[in-house]
Amino acid sequence: MNNETLLKNLRNVPDFPIKGIQFKDVSTLFKSAECMKIMVDELYEMYKDKGITKVVGIESRGFVVGAALAYRLGAGLVMCRKPGKLPAETKQKTYMKEYGTDTIEIHTDAITEDDVVLLHDDLLATGGSMQAAYELVKDFNPKKTFINFIIELTIEGLNGRAVFPEGTDITTLIRI
Ligand code: AMP
């Protein structure tokens, strides 16, 4: 689905953080009460019958709608964070980004085999960061794992979906 209000409110910042990147600035969706409502309501409708017990938000833009959605779904929120931010025992993965490399961590007691997990981030570009988070989550052997992004970039030949195993349940609210 492509929500016109979300598309209209999304700011594009050329050459950020480096030359050549067209940065999709979701802060303009977060600051709009109407857009926040659309995003959380649409996601709630999509996932309300899936039995989600944990929403995993990817640092940091994945925390915003991830937390609101976890509340609406009656689920817990788990944070996938940059190295050194989580205080207890963690496991981590390093991955390639559209620009540079990065590492993410999750607490080793964040998820159990009884959980149904929804991974959430603001944007799918190459898929590298979500793939790392997906692998971290799959190591816990949860009952089922879903993936959602607000925005899916398909411009310039990007096909982030291709990095996930066939049959992975991936949804997005806007495709650009
Ligand atoms: P990727 O791992 O390549 O799919 O990149 C997705 C992550 O990087 C998300 O957390 C985004 O916030 C960020 N990101 C990558 N490319 C962009 C872009 N063009 N505009 C906004 N955020 C981006």
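In this predicted model, Arg11 and Asp25 form a salt bridge, with 2.8 Å between their closest N and O atoms. The term salt bridge is used here for a side-chain nitrogen of Lys or Arg within 4 Å of a carboxyl oxygen of Asp or Glu. The pair links distant parts of the chain, since Arg11 sits in strand E1 (residues 11-14) and Asp25 in strand E2 (residues 22-25), 14 residues apart. Helices (H or I, at least four residues) and strands (E, at least two) are DSSP runs, numbered from the N terminus. Arg11 is partly exposed, at 40% relative accessible area, whereas Asp25 counts as buried at 12%. For these words, buried means under 20% relative accessible area, exposed means over 50%, and partly exposed lies in between (1.4 Å probe, protein chains only).

Residues are numbered from 1 along each chain as its sequence is written, and side-chain values use heavy atoms, with hydrogens and water left out. Because the model is predicted, local features need pLDDT of at least 70 and side-chain atom pairs count only at pLDDT 80 or more, while totals for chains, interfaces and linings use all residues.

The search of the whole structure finds 11 salt bridges. One of them joins Glu45 to Lys48, whose closest N and O atoms are 2.7 Å apart. Glu45 is partly exposed, with a relative accessible area of 46%, and Lys48 is partly exposed too, at 37%. Another salt bridge brings together the side chains of Lys91 and Asp139, at 4.0 Å from N to O. Lys91 belongs to strand E5 (residues 90-96) and Asp139 to the loop between helix H5 (128-138) and strand E8 (144-152), so this pair ties together parts that are 48 residues apart in sequence. Lys91 is partly exposed, with a relative accessible area of 22%. Salt bridges also link Lys37, Asp41 and Arg72 in a network.

Helix H5 itself is mostly covered, with 8 of its 11 residues buried. These are Gly128, Ser129, Met130, Ala132, Ala133, Tyr134, Leu136 and Val137. Their cover includes strand E3 (54-58), strand E4 (76-80), E5, strand E6 (101-107), strand E7 (116-124) and E8. Strand E8 holds Asn148, which counts as buried at 0% relative accessibility. Leaving aside residues up to four places away in sequence, Asn148 touches Leu43, Met46, Tyr47, Leu118, Leu119, His120, Asp121, Met130, Thr171 and Thr172; a contact means heavy atoms within 4.5 Å.

Now for the protein as a whole. It has 5 helices and 9 strands, which follow one another from the N terminus as α-β-β-α-α-β-α-β-β-β-β-α-β-β. The radius of gyration is 15 Å, close to the 16 Å that the globule rule gives for 176 residues, so the protein is as compact as a globular protein of that length. This radius is taken over C-alpha atoms, and the globule rule is 2.2 Å times the number of residues to the power 0.38. Along the principal axes, the C-alpha atoms fill a box of roughly 40 × 35 × 35 Å. Buried residues make up 49% of the 176 residues. Among contacts with a separation of 6 or more, 61% come from residues 24 or more positions apart.
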